[in-house]
Amino acid sequence: MRSPRRIRRTALAALSAGVLFAVAGCGDGGDRTAKGTTGTAEAKDVLLQPLASPGPGPFTESTARETASPSATGAPDTEPTSATRTVHPVSGAVPGLYGGTRSVAACDVERQTALLADDEDKARAFADVSGIEAVQIPGYLKSLTPVVLRADAQVTNHGYSADSATAFQAVLQAGTAVLVDSRGMPRVRCACGNPLGPPVVADGKVAHRGERWPGYDPARIVAVEPGVKAATSLIIVNADDNTWIERVVGDSGGRDRTPDDPPPFEPDADLLFPSPGRPSESAPPDPTPSGPAPSGPAEPEGPTDPGPAEPSDDFGDTPPEGPWEYEEEGVPDVAPEPTQVFPAEPDEPAEPDEPAGPDEPMEAGLDDVFAG
């Protein structure tokens, strides 16, 4: 005979399953197409969306312009050998995350505005997802910047069905034309006019549905996070000659220019997934003081006779007491100061701030199999 505790657990499990089933299947939220789930933002079912594919429930016709698509940053030359899925958080302010063609907009913003204005129901649904009023759509779209993705990116996409927006998780192919806001967040996919939001990244096994493109690697997906503060311009990569472009936020390319202070790495550096030896690394600081020793006592506590003078360069005969430590892979490496303090030297200068880099990758496990 079952114990009362076991019976109660069984009842609770059944109740929970019933609630989840009801949520997944109620109303338009449970609509499913042949290419993926369009009525839920659950991350267990992710739709792969190639460049020109409008996907399920497009809001409008495509407003993406035919331009050269920048190659994906660090894209593999062959098919991936591992199916392990990893989504890497990256700031929307990272130079080189987006690309484009100088003085050419990736999307026709005016046409996008006109297409939404022609359908009041779609305009209302678009505004609801974007957090604005329908009458604010023209100004909202003009505040966004047309660029193209340089890495496959997961987003929360929104199709249009039954007079409302239906959310679903999608991975957009590198080269996809999008409109981004002042914090670098993708807000509109130009191939379908769909509003976009931050992704919902789930733990466990995720079902990737749809058409896979050459070079697609489930371990090289980014999740764009908003920059720390609103920017007045974005640093993007020119698809024509692999040079830097500074594009003013909300501009369609008419004011593009070469940045006065370009990033300290090449435009083709694999910024999203750095590793030792990449050109995106910054040089380690010089541990030797550049100026004369300050007046006053400089002797550290300890023996008063330091012995022969120690070499002051990084490659002297006397190594530091312990090994130098480097940041973990995924963050540009900066070598810290040696841990040993030599006599007759001033205090070590404060280490410079480390360059911004992506957070630790979020890797989905393989425990939870998607239930279709």
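**Burial, pairing and ring geometry in a predicted model**

Q: Why is Asp 270 called buried in this predicted model?
A: Asp 270 has a relative accessibility of 5%. Buried means under 20%, so Asp 270 counts as buried. The residue lies in the loop between strand 15 and strand 16.

Q: What makes the link between the side chains of Asp 270 and Arg 220 a polar contact?
A: The distance between the two side chains in this contact is 3.3 Å. The cut-off for such a pair of N or O atoms is 3.5 Å, one able to donate a hydrogen and the other to accept it; the link between Asp 270 and Arg 220 is therefore listed as a polar contact.

Q: Why is the pair formed by Trp 244 and Phe 265 called edge-to-face?
A: The ring centres of Trp 244 and Phe 265 are 5.8 Å apart, and the planes stand at 75 degrees. Rings pair if their centres lie within 6.5 Å, and planes over 60 degrees apart count as edge-to-face; the pair is therefore edge-to-face.

Q: Where in the chain do Trp 244 and Phe 265 lie?
A: Trp 244 belongs to strand 15 (residues 244–248), while Phe 265 is in the loop between strand 15 and strand 16 (362–363). The two are 21 residues apart, and their pair links distant parts of the chain.

Q: How do you know whether Trp 244 and Phe 265 are buried or exposed?
A: The limit for buried is under 20% relative accessible area. Trp 244, at 9%, counts as buried, and Phe 265, with 16%, is buried as well.

Q: How many aromatic pairs does a search of the whole structure find?
A: The search finds five aromatic pairs. One of them is formed by Phe 126 and Tyr 140, with 6.5 Å from centre to centre and 65 degrees between the planes. With over 60 degrees as the criterion, this pair is edge-to-face.

Q: What does the pair of Phe 126 and Tyr 140 link?
A: The pair links distant parts of the chain, with Phe 126 in helix 3 and Tyr 140 in helix 4, 14 residues apart. Phe 126 has 0% relative accessibility and so counts as buried; Tyr 140 is buried too, with 16%. Together with Phe 59 and Tyr 160, these residues form one aromatic cluster.

Q: How do you know that the buried residues of helix 2 line one face?
A: In helix 2 (residues 109–117), the buried residues are Val 109, Gln 112, Thr 113, Leu 115 and Leu 116. Seen down the helix axis, these residues fall within an arc of 165 degrees, so they line one face. Glu 110 and Ala 117, on the other side of helix 2, are exposed. The cover over the buried residues includes helix 3 (120–130), helix 4 (137–142) and strand 9.

Q: What makes strand 9 and strand 6 paired strands?
A: Strand 6 (residues 145–149) and strand 9 share four bridges, in the antiparallel sense. Pairing needs at least two bridges, so the two strands pair. In strand 9, Ala 177 is the bridge partner of Val 148.

Q: Which strand forms a hairpin with strand 9?
A: Strand 10 forms the hairpin, with five residues between the strands; Gly 184 in the turn has a positive phi of about 80 degrees. Strand 9 and strand 10 (residues 186–189) pair in the antiparallel sense over three bridges, and Val 178 stands opposite Arg 189.

Terms used: Residues numbered from 1 in each chain as written. Predicted model: local features only at pLDDT ≥ 70, side-chain atom pairs only at ≥ 80, totals over all residues. Heavy atoms only, no water. Buried < 20%, exposed > 50% of the residue type's maximum accessible area, 1.4 Å probe, protein only. Arc of directions from axis to C-beta. Contact = heavy atoms within 4.5 Å. Phe/Tyr/Trp six-rings, centres within 6.5 Å; stacked < 30°, edge-to-face > 60°.
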